[in-house]
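Time to look up a few things and jot them down.

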Amino acid sequence: MGSGIPKQFIEVDGKPIIIHTLEVFEEHPMIDAIYVACKEEYIEKLRKMVRRFIITKVADIIPGGETGQDSIYNGLKAAFDREGGENTVLIHDGVRPCVTPETIEENISTAREKGSAVTCTRFFETPIMSRDGDVIEEAPDRDNFYTAQAPQTFKLAEVIKMHEKVRGTKEKYQGIIDTCTLMKKGGREVYMVEGNRGNIKVTTPEDLYVFRAMLEYRENQQALGLSQSDILEKLQK
């Protein structure tokens with residue numbers, strides 16, 4: 001992002017992005033506890049933010065690892081040790097603050113029924129295949145393509161088991177970019193939940209502008225009588 005600090009801590013509308021994200025889960029009645037993996041040098045800073053913004057469901061803040069998957073494993077392990085493996089766990093990005101309550105509920109309900117749930121949206125661009133990054137080799141039919149988002153939801157014991165299986169190999173997390181690919185490479189069935197394109201991951205300055213625009217609409221939510229999903233749908237048009 002070029003801000004000099006981790007993007008999770010960039011303030012938007014008076015709050016760090018991570019707090020905007022945590023508040024969605026804090027306010028959801030189906031969420032019991034939250035575990036956050038964080039860069040070790042920022043843990044105390046985040047603890048102070050959690051207290052300041054009264055995020056009461058944060059059970060622990062855990063040091064992250066060398067890679068994103070290491071950080072996820074650290075968070076899952078902390079949850080497993082304290083909560084037990086029978087629970088359903090949602091794995092989410094700290095910089096994906098526009099997730100809707102409806103998406104969270106659908107993830108939990110689907111994972112309880114089928115054992116897994118990954119938030120996905122239809123692919124709206126033209127997918128292409130190119131091995132050398134120069135010549136287009138193939139342009140597959142986009143009707144069969146989706147984009148995986150977050151949350152991604154699984155039984156805690158199963159996802160911990162898959163992480164530990166992979167961590168015991170020489171390749172470890174090579175080629176694994178998220179929990180969906182981790183579980184698929186392990187031969188597990190993974191089910192889809194329909195998401196929305198407004199559930200952006202704030203990664204670039206352009207994403208930051210979009211998020212600010214979403215917040216402006218959200219501030220008028222009550223006056224307009226719209227749900228957050230309605231607002232996101234309008235922004236996409």
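Predicted model: local features only at pLDDT ≥ 70, side-chain atom pairs only at ≥ 80, totals over all residues.

I started with T100, which sits in the loop between β5 (88-91) and α4 (101-114). Helices (H or I, at least four residues) and strands (E, at least two) are DSSP runs, numbered from the N terminus. Residues are numbered from 1 along each chain as its sequence is written, and side-chain values use heavy atoms, with hydrogens and water left out.

Is T100 buried or exposed? T100 counts as buried because its relative accessibility is 1% (buried is under 20% relative accessible area, exposed over 50%, partly exposed in between, with a 1.4 Å probe and protein chains only).

Next I checked the sheet. Four strands make an open, mixed sheet, in the order β5-β7-β6-β8 (two strands pair if DSSP finds at least two bridges between them). β5 and β8 (192-194) are at the edges with a single partner strand each, so one side of each has no neighbour in the sheet.

Then I zoomed in on one pair. β6 (residues 116-122) and β7 (residues 146-155) run antiparallel, with six bridges. R122 has Y146 in β7 as its bridge partner.

Last, I looked up L22. Ignoring neighbours within four places in sequence, L22 is in contact with I34, V36, V50, I55 and V58 (contact means heavy atoms within 4.5 Å).
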